Amino acid sequence: MSETFSHHPIPNHGHDVAAIANEFFKLASAEGRTLTNMQLQKLPYIAQGWSLALRNKPLIEQTVEAWPYGPVYRKLYESLAQYGSGPVKDFIHENDSGRDITIETRGPQITGNLCDDDLALIKAVWNNYRECNAFKLSALTHQPGTPWSQTREKGKREIPNDIIKKHYEQLLNCDKE
């Protein structure tokens, strides 16, 4: 993951996690691939890590939580819960986390005002991790010493961006060796 990204001004706040997940869904769909809820949790999380390490900026505005089975964005989980562990069949829309979701109750598709740099980062993450199934992605984020395991060991729920950044900087340094 040593792609070069431009250094034009990037917003400090990050984007809605659903917009980032939708970008991964779009990339997968263009290749005829399906993604599960778990993959759409892990890919944005990994993209957040690389954004923090490479750009010193968050890609995602929401905080990720250390759930028993890995890093999870609660809002994203609620939006994708309708698919269970099966393939996600559509882009995430507003109101997807409601109980009785129908075409009439869904809002518009969630998109972000993503700049070229954001899109390049997402594409780079996709190119590096697209061959990983949900279990492989989960294993990558569950290893000892990862931000998830550090947070769980401390009995905390929210995984701080500074811990994620440090971990991905270490991965970047390993890539350079």
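Predicted model: local features only at pLDDT ≥ 70, side-chain atom pairs only at ≥ 80, totals over all residues.
**Exercise 1.** Describe how helix α2 is oriented against helix α4, and which residues make the contact.

Solution. 
- Step 1. Take the axes of α2 (residues 37-55) and α4 (residues 116-129): they come within 10 Å and cross at roughly 120 degrees.
- Step 2. Classify the angle. The range 65 to 115 degrees counts as roughly perpendicular and angles over 145 as roughly antiparallel; α2 and α4 are therefore oblique to each other.
- Step 3. Assign the hand: α2 and α4 cross in a right-handed sense.
- Step 4. List the contact. From α2 come L43, I46, A47, W50, S51, L54 and R55, and from α4 come D117, D118, L121, V125, W126 and Y129.
- Step 5. Sort these residues by class: 9 are nonpolar, 1 is polar and 3 are charged.

**Exercise 2.** Carry out the analysis for helix α1 against α4.

Solution. 
- Step 1. The axes of α1 (residues 17-30) and α4 lie 10 Å apart, and the packing angle is about 55 degrees.
- Step 2. Roughly parallel would require an angle under 35 degrees, and roughly perpendicular 65 to 115; α1 is therefore oblique to α4.
- Step 3. The crossing of α1 past α4 is right-handed.
- Step 4. On the α1 side the contact uses I20, E23, F24, L27 and A28; on the α4 side it uses L119, I122, K123, V125 and W126.
- Step 5. The classes are 8 nonpolar, no polar and 2 charged.

**Exercise 3.** State the volume of the largest pocket and characterise its lining.

Solution. 
- Step 1. The volume is about 300 Å³.
- Step 2. Its lining has 15 residues, with N37, M38, Y69, Y77 and G84 nearest the centre.
- Step 3. Two or more lining residues come from each of α2 and α5 (134-142). α2 gives the most, 4 residues.
- Step 4. By class, the lining holds 9 nonpolar, 5 polar and 1 charged residue.

**Exercise 4.** Determine which helix supplies the largest share of the lining of the second largest pocket.

Solution. 
- Step 1. The second largest pocket has a volume of about 240 Å³.
- Step 2. It is lined by 14 residues, and Y129, L140, H167, Y168 and L171 are the closest to its centre.
- Step 3. At least two lining residues come from each of α2, α5 and α7 (161-176).
- Step 4. The largest share, 4 residues, belongs to α7.
- Step 5. The lining divides into 9 nonpolar, 4 polar and 1 charged.

How values were computed:
Residues numbered from 1 in each chain as written. Heavy atoms only, no water. Axes fitted to C-alpha atoms, helices over the stretch in contact; angles between N-to-C directions. Left-handed = near helix turned anticlockwise from the far one by under 90°. Contact = heavy atoms within 4.5 Å. Nonpolar A, V, L, I, M, F, W, Y, C, P; charged D, E, K, R; others polar. 1 Å grid on protein atoms, 1.4 Å probe; cavity = no way out; pocket = protein on both sides within 12 Å on 5 of 7 lines; lining within 4 Å. Points joined across faces, edges and corners; volume = space filled by probe spheres on them.
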